[in-house]
Amino acid sequence: MTDHAVVIAGGGPTGLMLAGELALAGVDVAIVERRPNQDLPGSRAGGLQSRTIEVLDQRGIADRFLSEGQVAQVAGFGGTRLDISDFPTRHPYGLGLWQRHIERILAGWVRELAVPIYYGIEVTGFGQDDTGVDVALSDGQSARAQYLVGCDGGRSLVRKAAGIDFPGWDPTTSALLAEVEMTEEPPLGIRRTPSGTHALGKVEYEIKDGEVVYKKGGTVGVMLTEAHVGTSEPTLRDLSEGLVAVYGTDYGIRNLTWITRFTDMTRQAAAYRAGRVLLAGDAAHVHSPVGGQGLNIGVQDAVNLGWKLAQVVKRTSPEKLLDTYHAERHPVGARVLRKTMAQVALMRVDDRTEALRDTVAELLSMDEPRKRFAAMMSGLDIHYDLGEGHPLLGRRMPDLDLVTDDGPLRLFTLLHTARPVLLNLGEPGGFDITPWADRVQLVDARYGGMWELPALGAVAAPTAVLIRPDGYVAWVGDLTQFGLVDALSTWFGPPAAA
């Protein structure tokens, strides 16, 4: 393996997305992945939330996922489904698509961007100094990088070697997740018992009219909540005994193709950065899969970090820009952890929890709570603290249908190259950003529709907005341009010399 500006440990969804972001910015990046190839056994994470689909749309690749997945209302909280079909987004839905397909599609995009992926290799250690990181690899080689990013999962070696604490809560429950064939046809669906919630479903399915329709025969996906927290490597015998305990039979299980155990262990890295080493995805936060947040916030970690790291590597921006990665994403992760813990508590099976769950479901059936929680669970309400000002400041930019002198233009199209945009909706030619012209796109356009944000509703139409590469608004103003120079300098580096 040769030296690279950035080395990413881990080729899962977070690592792949980060590699794509860096490559779009012209950074020499490489991935090291311990698996021999991109194949991923089992079903694992099963979908993309609305904001993640938007993020992919910002890069012009959302259709690759939409063409293979099943569009459905997937947002929910503690077992209560939350409909977002009336939300002001081009994607008011989630997408059912197994992680192995998500990774395959992302890996294809990354290869198009000429990012090398070194399979069958993992990071075993590193040492960093003022100018870079020496990365030790499992094949005995080493590589020099300016930065190392750990996207290597909940047991992250990078996090441990960096000395970053991982505080949180130990598991209170565990479950077996497996794919297996069965001689008998099992009853499909969810079953609740005193030990918890269990589910049987066919791996091959489709969604019709918003409902899951399973195909006959084939592999059965099993999820069994265990009576006691499991710690050892799960086996076929564990699965058989668990099925008998819940269903009275194991339905003649055979040909186990994949089995794993997950828990509700909840931890978050105390810091997302230690010098030239950064963390993203599961390396930075782990929690129960209830609610389907993990893969989604990992991808969004990558999109927040990618453009910032690229600007620092290219010396467009000072290194302190990387501090905003932790400042913005750590609170997002912390909130996900707390809300996931709340959902785990709501999923317990006893009379008092059942009463609580019914009460929460009743509250969430009301329009205002439904909008608030649905925006949170779909990722559409993320708000970075960029100071006081317009409600758009620090929030996702809507994908407006703009009109320009060259014709109609979708706003997300402007973000395909991961470059920031100064969108002027006022008098054409009213802005001169020549010192940043090599970094920021200046677009004069018109928009006549209503400005609306999920959960917040209608907002005052601004004259101009400065949009970061991750799609979040860094400045809102008018032709007086108050604060614009500071915003440009803060986020996209000092002005170029005349």
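Helix H9 spans residues 351-364, and its end C-alpha atoms lie 20 Å apart, which agrees with the 20 Å that 14 residues should span at 1.5 Å a residue; the expected span is 1.5 Å times one less than the number of residues. Helices (H or I, at least four residues) and strands (E, at least two) are DSSP runs, numbered from the N terminus. The model is a predicted one, in which local features need pLDDT of at least 70 and side-chain atom pairs count only at pLDDT 80 or more, while totals for chains, interfaces and linings use all residues. Residues are numbered from 1 along each chain as its sequence is written, and side-chain values use heavy atoms, with hydrogens and water left out.

Four residues of H9 are named as buried (under 20% relative accessible area, with exposed over 50% and partly exposed in between; 1.4 Å probe, protein chains only): Thr353, Arg357, Val360 and Leu364. Seen down the axis, these buried residues fall within an arc of 65°, so they line one face of H9; the arc is that of the directions from the helix axis to the C-beta atoms. An α-helix has 3.6 residues a turn, so residues three or four places apart point the same way. The face turned away from the buried side of H9 carries the exposed residues Asp351, Arg352, Asp358 and Glu362. Cover for the buried residues comes from elements including strand S15 (189-193), helix H8 (323-346) and helix H10 (367-377), with contact taken as heavy atoms within 4.5 Å. At the start of H9, the backbone nitrogen of Arg352 has a side-chain oxygen of Asp350 within 3.0 Å.

Helix H6 (residues 236-247) can be read in a similar way. Its 12 residues reach 16 Å from first C-alpha to last, close to the 16 Å expected at 1.5 Å a residue. Leu239, Ser240, Leu243, Val246 and Tyr247 are buried in H6. They cover an arc of only 140° around the axis, which puts them on the same side of H6. Arg237 and Ala245 are exposed on the face turned away from that buried side. Among the elements covering the buried residues of H6 are strand S14 (174-182), S15 and strand S20 (253-263). Gly248, which follows H6, has a positive phi near 85°.

The largest cavity has a volume of about 140 Å³. Its lining consists of 16 residues, with Gln293, Ile297, Val336, Met376 and Gly379 nearest its centre. Helix H7 (294-313), H8 and H10 each give two or more residues to this lining, and H8 provides the largest share, 6 residues. A cavity here is a set of points, on a 1 Å grid over the protein atoms alone, where a 1.4 Å probe fits but cannot get out, and lining residues have an atom within 4 Å of a point. Grid points are joined across faces, edges and corners, and a volume is the space filled by probe spheres set on the points.

Notes:
A polar contact is a pair of N or O atoms within 3.5 Å; within protein, one must be able to donate a hydrogen and the other to accept it, and residues adjacent in sequence count only if both atoms are side-chain atoms. On a 1 Å grid over the protein atoms alone, a cavity is a set of points where a 1.4 Å probe fits but cannot get out, and a pocket is an open set with protein on both sides within 12 Å along at least five of seven lines; lining residues have an atom within 4 Å of a point.
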